[in-house]
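Work through the exercises below with the sequence and the model in view, and try each task before reading its solution.

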Amino acid sequence: MARQFAANMRAFHAEYDALKRDGIAANTRHILLQHMPKGTKLRLADVLELFELMR
């Protein structure tokens, strides 16, 4: 999962199209939610912020 997250983050920062960037972030959100406790809330904006902070 960590490798997939890192690959998605690299793809996110390499992409110029905003719609594709949102798609990458949405996919990453789905991956992260699978490994978090049930009922955890994770917004797309949280993933976008995480990607920017980890730049």
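**Exercise 1: aromatic pairs**

The count comes to 2 aromatic pairs, where rings of Phe, Tyr and Trp (its six-membered ring) pair if their centres lie within 6.5 Å, and planes under 30 degrees apart count as stacked, over 60 as edge-to-face and the rest as tilted. The model is predicted, so that local features need pLDDT of at least 70 and side-chain atom pairs 80 or more, while totals for chains, interfaces and linings use all residues. Residues are numbered from 1 along each chain, and side-chain values use heavy atoms, without hydrogens and water.

Task: Describe the pair of phenylalanine 5 and phenylalanine 51.

Solution: The two rings are 5.6 Å apart centre to centre, with 40° between the planes, which is a tilted pair. Phenylalanine 5 belongs to helix α1 and phenylalanine 51 to helix α3, 46 residues apart. Phenylalanine 5 has a relative accessible area of 12% and is buried (under 20%; exposed is over 50%, partly exposed in between, with a 1.4 Å probe and protein chains only), and phenylalanine 51, at 0%, is buried too.

Task: Describe the pair of phenylalanine 12 and phenylalanine 51.

Solution: This pair is also tilted, at 4.8 Å centre to centre and 40° between the planes. Because phenylalanine 12 lies in α1 and phenylalanine 51 in α3, the pair ties together parts that are 39 residues apart in sequence. Phe5, Phe12 and Phe51 form one aromatic cluster.

**Exercise 2: helix packing**

Task: At what angle do α1 and α2 pack?

Solution: Helix α1 (residues 2-14) and helix α2 (residues 18-34) pack at about 165°, with their axes 9 Å apart.

Technical notes
Axes are lines fitted to C-alpha atoms, for helices over the stretch in contact, and angles run from 0 to 180 degrees between N-to-C directions. Helices (H or I, at least four residues) and strands (E, at least two) are DSSP runs, numbered from the N terminus.
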